[in-house]
Amino acid sequence: MTQPFQLPDFYLPYPARLNPHVQEARAHSTRWAREMGMLEGSGIWERKDLDAHDYALLCACTHPDCSAADLSLVTDWYVWVFFFDDHFLETFKRSQDRAGGKAYLDRLPAFMPMDATDTPEPVNPVEAGLADLWARTVPAMSREWRARFRESTENLLNESLWELSNINADRIPNPVEYIEMRRKVGGAPWSAGLVEYAAGAEVPAAVAGSRPLRVLRDAFSDGVHLRNDLFSYQREIEDEGELSNGVLVLETFLGCTTQQAADAVNDLLTSRLQQFENTTLTELGPLFAEVGLDPEGCSRVLAYVKGLQDWQSGGHEWHLRSSRYMNGGGAGPPSAARSPFGLSGIGAGGLGVSAADLKLTTGRAEAARGRRFSHVPFQRVGPSRIPDIYMPFTLRLSPHLHGARRHLADWSHRMGILQPQPGVPGSHVWDEHRLLAADLPLCAAGIHPDGSPDEVDLASGWLAWGTYADDYYPAVFGRTRDLAGARASNDRLGAFMPLDAGATPVPANALERGLADLWGRTAGPMTDTARRTFRKTIEDMTESWLWELANQAQNRIPDPVDYIEMRRHTFGSELTMSLCRLAHGQRVPDEIYRSGPVRSLENAAIDYATLLNDVFSYQKEIEVEGEVHNGVLVVQSFFDCDYPTGLAIVHDLMTSRMRQFQHVVAHELPVLCDDFGLGREVRTALDGYVRDLRHWMTGILNWHREVPRYREEELRHRPALPAGGAVAGPPAWRGPTGLGTSAARIPLPAGARP
């Protein structure tokens, strides 16, 4: 069979190694699969199928240092998960039996009890295998690990319905949607949990939910999935009729050839691996210090990182050798795609020679890395170019807009937002002119067209506080690379959001004063649970500003996936969306808000709005502020393309996210309501939330179109000189400063800002 494309030149920074207990694991997993009913008579596999797939080799490559007993157990887990995948395909995907598939999946969580409780009697090999594996695995792990691993296993199982629904709908997902859903159905987060077990490196609970550990897991997962997409394209597209493959997704979205799409997928795979490296080297150390992690805990985290690295390199080697994938026929990889020395312990290379393979990176990978760190700030780009933006919904404005404008001006003066902060250089970022140019009540009036005067005033205040802070942090902490000062500022902000809605310290500046006022007005009427959730949306936003400052200090353009996901926080999207949820009280259960379709709906709306902001703010951020956090710039860096091309790609992505929003409303929410058996009142409240999200998007688009904030003439405005004081504006650009930047002090290229 002719291959649809040539496998690309992979970035392989970690040499592959082989666990010496591979033969024992092969023999054990074969016996176990037969005992569970997965082989002869199952209608899915015969012995020859299991031998050809060689999951023991996969696990021996991906877990090279674990014991024989642990390797056998991990191999059994992989035999089970691949059998599940094929069993679900043959039983439900080929017949497109969604109802049967849902009933099948609904039984499986009962075989993963958190405590020693009885489980149902298994009725098929998947249930029998899961019951056996769970009982053999969880006694060695903590309750926190069990909860995380159970969740990732449920995601892996349940999101198979998403793939089945996409086949039914004859629909290819957009790139962002695909990455998010692939993490759930693709299984790599589940694999990361088994790395903790096999490496004896359970991640301490104190850091398991932190951004660095989340990014490491997600970057690892994306790397595993994108690599699998390249090798499995022919099998999935030509044999199974799948629409969930990254190569097909980019081929469709970019309108390019299959080979070009494969190369782009490989570039994204490389970017995710380099994100993994950057997070390990720049974020783990500060995290350990921040939480006071002891040496044993630090050692476990680093062993976990090493385990994820081993999985990447071992997984690649297995894909090159397995008959399951497109790799030159399955007898071995083509010469252009493998090491001339072979895998350590396999073939002519012999044990211990993998380090002799010096081709750990590629010219293409290092060129991409270089672009990410070599951006010249303050380049003259001219006015932002605004395309014809797709908006299928109608704008409505609150009749309370004029009153909100007047009240916000009074509030801003009372909070001190329009004055320099005493003893804080660079803090005079807003004056009344800049406040009026932002016209944040216009945004609030579009987001809440049916809100009361108090609700529109409150939304205007939150928008003003968040926008002011977004300007304040780069001005006060960014130019001096004062990451410690920004962290201290964040720590103090937490004191102004008491969960008991009690007293707060005396504010030291306008940022604290404004937050204290808004928190008191917003959180007071909330339930304890709602107050805790609302506080987390603010903390996620302020924490994301530290991520921006760290990238700015490195002069690093973010990885595309990391950018999209962090932009949701830096934009304050969840904060303003949570105000929409408040209007619906407790009528919509939390489990509905946490469900896949609702999160997909919200993320599609958020991404539409954040990319919209990037389009309008391009000149402000690139030319005036010297920013690296702009979606158009991120795309330019990733694809090595010019501004018009990058803008066109971002515009297409905005449109696809809006169409996904419409798709979820039309096709996924009705199924969700039926699956949960929601009554009329809850369905009406959910419809109201969807309507609020439409207002949220139309209000934000209208605001960007109407306000002067992003226009060239407004970008030249500097805050008025306060009486008796000096303006603390941006310094003249003299190029990068600090350790390791002396070589950068060269004449700026043509077009750069002097």
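Ile389 is buried, with a relative accessible area of 6%, where buried stands for under 20% relative accessible area, exposed for over 50% and partly exposed for the range in between, computed with a 1.4 Å probe on protein chains only. The model is a predicted one, in which local features need pLDDT of at least 70 and side-chain atom pairs count only at pLDDT 80 or more, while totals for chains, interfaces and linings use all residues. Residues are numbered from 1 along each chain as its sequence is written, and side-chain values use heavy atoms, with hydrogens and water left out.

Ile389 is placed in the loop between helix H17 (363-373) and helix H18 (401-415); helices here are DSSP runs of H or I with at least four residues, numbered from the N terminus. Apart from its neighbours within four places in sequence, Ile389 is in contact with Tyr608, Leu612, Phe616, His651, Met654, Leu701 and Arg705, contact being defined as heavy atoms within 4.5 Å. The C-alpha atoms of Ile389 and Asp652 are separated by 9.5 Å, although these residues are 263 residues apart along the chain.

**Salt bridges**

The structure holds 57 salt bridges, each being a side-chain nitrogen of Lys or Arg within 4 Å of a carboxyl oxygen of Asp or Glu.

| Pair | N to O distance |
|---|---|
| Asp132 and Arg136 | 2.9 Å |
| Glu539 and Arg535 | 2.7 Å |
| Arg599 and Glu574 | 3.4 Å |

Asp132 and Arg136 both belong to helix H6 (residues 125-137), where they are four residues apart, about one turn of the helix. Asp132 is partly exposed at a relative accessible area of 25%, and Arg136 is likewise partly exposed, at 31%. Glu539 and Arg535 both lie in helix H24 (residues 528-554), also four residues apart and about one turn of the helix. An α-helix has 3.6 residues a turn, so residues three or four places apart point the same way.

Arg599 forms its salt bridge with Glu574. Arg599 lies in helix H28 (residues 596-616) and Glu574 in helix H26 (residues 573-582), so this pair ties together parts that are 25 residues apart in sequence. Arg599 is partly exposed, with a relative accessible area of 27%, while Glu574 counts as buried at 19% relative accessibility.

A network of salt bridges links Arg183, Arg217, Asp218, Asp222, Arg272, Asp559 and Glu565.

H9 is followed by Gly187, whose phi is positive, near 95°.

Helix H22 (residues 483-494) has 12 residues and reaches 17 Å from its first C-alpha to its last, close to the 16 Å expected at 1.5 Å a residue, the expected span being 1.5 Å times one less than the number of residues. Gly485, Ala486, Ser489, Asn490, Leu493 and Gly494 are buried in H22, and the buried residues of this helix pack against helix H21 (453-478), helix H23 (510-523) and H24.

Definitions and conventions:
Helices (H or I, at least four residues) and strands (E, at least two) are DSSP runs, numbered from the N terminus.
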